[in-house]
Amino acid sequence: MSRRKAIAKLAGALAGSPLLQSDLAAQRDPRPFNDHKRLPGLNEMMVSFDFEPVCFANVSQVTYDYTAHGDGSEFTLRRNRQAFDWVDLAPGSAIDPASVDLSCELFGTKLRYPILVAPTATMVPLHPDGEIGMHRAATAASNTPMIVSHNTSTTIDRIAAGATGPLWWQLYPSPNLDASREILDGAQTAGCTAVVITVDQQASYYERSAQDRNLGGRGGGGRGGAGGRGGTPAAAAPPTGAARYRIQPGRLWYNWRYLDDLRKTVKVPFLLKGILTAEDARLAVEHGVDGIIVSNHGGRSMDYGPSTLEVLPEIVDAVGGKIPVLVDSGFRSGSDVVKAIALGATAVLMGRAPRWSLGAYGAPGVQRLLEIVRTEFRDAMASTGRTTLAALDRSAVKVDFS
């Protein structure tokens with residue numbers, strides 16, 4: 001063998017070495033601490049934010065980004081969290097947390113606390129148990145209702161078979177009314193006890209994904225799944241038509257006539273998700289909707305939009321107690337839940353935090369997260385001197401949204 005061929009053969013062997021490939025992948029990974037190997041135990045999780053770095057370490061970057069990102073510059077994503085800093089809890093008479101009753105009833109279902117698992121897409125990339133594990137954990141954590149996303153990675157019948165807790169179904173409506181009806185019929189047949197129709201705009205552009213791609217990671221705004229930490233930039237076909245300017249097809253075509261027609265075939269409570277104005281809330285009541293969810297899609301629907309906590313009071317006032325008002329987007333702790341209930345919400349949905357806990361520890365992680373938030377909720381209630389949800393009114397908080 002000539003010297004040149006020998007060098008070429010050695011170079012090829014080195015290039016294929018797992019150690020070298022691992023080192024190159026680490027160099028391409030824009031995230032810090034990628035060599036840190038310690039995995040905290042489940043019993044070390046004390047607040048919801050503890051789950052995020054463990055999930056971050058467990059899943060691919062594109063899967064993490066799908067859970068983490070918000071629309072555009074992520075202003076609304078940040079504002080959702082900042083709004084909680086503008087609402088203080090008003091201290092009340094000291095009471096024993098054990099005397100606090102968090103129970104309520106929602107559409108005929110008795111709940112031990114007013115918290116639901118929000119609909120979020122494709123959970124299998126987070127953990128092999130996916131939606132089945134999420135449902136099992138929600139049921140184990142005091143029969144917490146789970147809302148299954150239209151974009152589920154597991155069929156509704158398999159999810160329903162995984163546990164006995166209450167399930168709702170979330171739908172992205174199709175302009176084809178019959179297609180939407182068929183999906184809702186299947187969900188109701190599988191045992192879903194309420195349906196949620198999403199009517200806000202889903203995000204059209206994620207700057208975070210583009211930045212990660214430019215830094216050498218695997219960018220892309222998809223729901224994630226395959227892929228390692230590093231890698232070459234993902235090749236994507238350039239958008240065409242209006243999509244070149246981030247105007248995606250199939251968005252914001254919804255109208256009240258369509259929703260009225262869809263409502264006629266639904267035999268369970270019918271809720272609209274994505275309400276952010278008092279005007280739309282009043283119209284929902286006029287059109288016979290059974291409930292609304294104040295939501296900005298977790299900061300994914302519109303950049304530079306309002307936080308849900310800011311608009312919640314005016315929406316509650318507009319509804320006037322005629323239908324339940326639920327809220328999501330940015331909730332991470334029990335004190336967050338207290339603030340929303342005090343401002344008039346009937347119940348709160350949590351989306352990202354359950355995803356972190358599923359990606360971190362599977363079903364046991366989700367169960368622990370819900371138990372943590374429930375305990376925080378009870379203790380925060382006690383600090384305001386309230387022992388029941390009915391007693392938790394606006395006098396329990398001090399608000400400064402100016």
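Lys-273 is buried, at 5% relative accessibility; buried means under 20% relative accessible area, exposed over 50%, and partly exposed in between (1.4 Å probe, protein chains only). The model is predicted: local features need pLDDT of at least 70, side-chain atom pairs count only at pLDDT 80 or more, and totals for chains, interfaces and linings use all residues. Residues are numbered from 1 along each chain as its sequence is written, and side-chain values use heavy atoms, without hydrogens and water.

Lys-273 pairs with Asp-328 in a salt bridge, with the closest N and O atoms 3.5 Å apart. The criterion is a side-chain nitrogen of Lys or Arg within 4 Å of a carboxyl oxygen of Asp or Glu. Lys-273 sits in strand 8 (residues 270–275) and Asp-328 in the loop between strand 10 (325–327) and helix 13 (334–342), so the pair ties together parts 55 residues apart in sequence. Helices (H or I, at least four residues) and strands (E, at least two) are DSSP runs, numbered from the N terminus. Asp-328 is buried too, at 5%.

The count is 10 salt bridges. Another joins Arg-263 and Asp-290 at 2.6 Å, N to O. Arg-263 is partly exposed at 22%, and Asp-290 is partly exposed at 23%.

Now the nonpolar interior. A nonpolar core is a set of buried Ala, Val, Leu, Ile, Met, Phe, Trp, Tyr and Cys residues joined through side-chain atoms within 4.5 Å. The largest has 91 residues, and Ile-292 is among those with the most contacts inside it. Helix 15 (residues 363–383) gives the most, 10 residues. A second, separate core of 13 residues includes Leu-116 and Val-196.
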